[in-house]
Amino acid sequence: MSMTTPFRLALAGLCLAAPASAWAGDPPSAIPLEKLEGMIADRTPQTRVEAVDQERLVVRRIDVVDENNVIRLSLASPTPAPIIDGIQYRRAFPVAGMVVFDAQGNERGGYGVADIEGGATVLAQDHVNGDAVGWRVMPDGAIAFSMNQRATIRREAALGDRIVPGTDAATRIALTVAADGTPAIALADRQNRPRLRLTVTEEGYGAIEFLDAQGKVVQTLAPEAQAAGR
């Protein structure tokens, strides 16, 4: 949903344009009845079941498929390895949770617990060739949220001209809370080098740090700290 375009109500693939004035706090216009009728898929949708079939299921994997029998969601422990353009690659670390797939069966995101460093909660939504956005909650209390530029789309002739995993994706925006509670927002260049960082010092002063290509802080703006002589 873009904040620069007219407000859109998106629900299950349904998008309705509303006047731009809606952003100014005007009440939304009423939708004409004939348009509402055309939007309705079912007046009495199923919202509950008559009875529980099983009190408990014990399985390693459940797949949900679409009308073409393409797997669109897997709930598994461990989750299936990632599929990019029809080829399955080894996952970097084992994960138990849920994975979602596009209409071609390629992985486009997931949520779960990764078996790394004692267990980390992870979530990601993917570009066609790698992670787009994701977060990790680590056992030591550290939290990281990242937004990655899409890696260059490359195809491999030896693999039938398929798209292969990206290798040059830069994390352009990273929001972190360190294990000791230090917060930071970092902006990186195309070479994945943090160049600007917004943080709060140990003394509690807000600061903006400018970094060079080697990661060294070359200038810090911290007006309150400077006024206090720190």
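Colleague: What is the relative accessibility of Arg61, and how does the residue count?

Modeller: A residue is buried under 20% relative accessible area, exposed over 50%, and partly exposed in between (1.4 Å probe, protein chains only). Arg61 has 39% relative accessibility and therefore counts as partly exposed. Please keep in mind that the model is predicted: local features need pLDDT of at least 70 and side-chain atom pairs pLDDT 80 or more, while totals for chains, interfaces and linings use all residues. Residues are numbered from 1 along each chain as its sequence is written, and side-chain values use heavy atoms, without hydrogens and water.

Colleague: With which residue does Arg61 form a salt bridge?

Modeller: Side chains of opposite charge can pair when their charged atoms come close. The rule asks for a side-chain nitrogen of Lys or Arg within 4 Å of a carboxyl oxygen of Asp or Glu. The partner of Arg61 is Asp63, with 2.7 Å between the closest N and O atoms. Asp63 has a relative accessible area of 34%, so this residue is also partly exposed.

Colleague: How many salt bridges does the rule give?

Modeller: The count comes to 10. In one of them, Arg108 meets Asp102 at 3.9 Å, N to O; Arg108 is partly exposed at 30%, whereas Asp102 is buried at 15%. Glu209 and Arg197 form another, at 2.7 Å between the closest N and O atoms. Strands, labelled E, are DSSP runs of at least two residues, and helices (H or I) of at least four, numbered from the N terminus. Because Glu209 lies in strand E17 (206-211) and Arg197 in strand E16 (194-200), this pair ties together parts that are 12 residues apart in sequence. Salt bridges also link Asp189, Arg193 and Arg195 in a network.

Colleague: How much space lies in the largest pocket, and what lines it?

Modeller: On a 1 Å grid over the protein atoms alone, a pocket is an open set of points where a 1.4 Å probe fits, with protein on both sides within 12 Å along at least five of seven lines; lining residues have an atom within 4 Å of a point. The volume is the space filled by probe spheres set on the points, which are joined across faces, edges and corners. Here the largest pocket holds about 930 Å³. Among its 44 lining residues, Arg91, Phe93, Ala124, Asp126 and Asp131 are the closest to its centre. E10 gives the largest share of the lining, 6 residues.

Colleague: Where is Pro139 placed?

Modeller: Pro139 sits in the loop between E10 and E11 and is partly exposed, at 47%. Its C-alpha atom is separated by 8.6 Å from that of Thr121, which is 18 residues apart along the chain.
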